[in-house]
Amino acid sequence: MKVSHQTSATATGGRWGASKLDDGSFEINSLPPSNNEEGLNPKQLSALGYCACFDNAMQLVAHRMELALSACSTTVESGMQKLEGRGVGLEAGPYANIAGLSEPEAHSVLNATNKVCFLFQIFARQRRG
């Protein structure tokens with residue numbers, strides 16, 4: 001399979017260190033959850049990437065279905081969960097706000113987006129085991 005987009009990032013110091021994109025365009029201080037210092041934790045970064053991916057996939061799906069969204073947004077809640085017999089994993093779920101479609105149309109878009117968004121598929125596989 002041909003890679004359409006590739007990036008790389010480097011973390012130093014784990015949750016008490018720094019993470020940066022190797023092209024120099026973004027760098028953050030990494031902190032564990034519930035810390036009062038300035039920085040982000042990996043779950044927050046995962047939520048940011050997931051909601052952007054899902055929201056884009058939702059717009060693409062609506063366009064392919066020839067449905068005109070007047071507005072949409074996606075919120076992702078993310079957190080750690082204990083996986084049965086396999087340590088811990090990242091639990092994340094998208095919540096979409098879709099304007100301009102009927103409720104059945106919005107449900108159709110969401111169902112199709114769940115099949116298109118690769119991050120949704122990753123988290124769904126993790127939940128299933």
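Colleague: Why is Thr113 called buried?

Modeller: Its relative accessibility is 0%, and buried means under 20% relative accessible area, with exposed being over 50% and partly exposed in between (1.4 Å probe, protein chains only). So Thr113 counts as buried. Keep in mind that this is a predicted model, where local features need pLDDT of at least 70, side-chain atom pairs count only at pLDDT 80 or more, and totals for chains, interfaces and linings use all residues. Residues are numbered from 1 along each chain as its sequence is written, and side-chain values use heavy atoms, leaving out hydrogens and water.

Colleague: Where is Thr113 found, and which residues does Thr113 touch?

Modeller: Thr113 sits in helix H2, residues 103–116. A helix here is a DSSP run of H or I with at least four residues, a strand is a run of E with at least two, and both are numbered from the N terminus. Setting aside residues up to four places away in sequence, Thr113 touches Phe54, Ala57, Met58 and Val61; contact means heavy atoms within 4.5 Å.

Colleague: What about Ser30: what makes Ser30 count as buried?

Modeller: Its relative accessibility is 5%, so Ser30 counts as buried as well. You'll find Ser30 in the loop between strand S3 (27–29) and helix H1 (42–64). Skipping neighbours within four places in sequence, Ser30 is in contact with Gly14, Arg15, Trp16, Gly17, Ala18, Ser19 and Leu40. Take Gly14: it is 16 residues from Ser30 along the chain, and their C-alpha atoms are separated by 7.1 Å.

Colleague: What joins the side chains of Ser30 and Ser19?

Modeller: A polar contact of 2.9 Å. The rule asks for a pair of N or O atoms within 3.5 Å; within protein, one must be able to donate a hydrogen and the other to accept it, and residues adjacent in sequence count only if both atoms are side-chain atoms.
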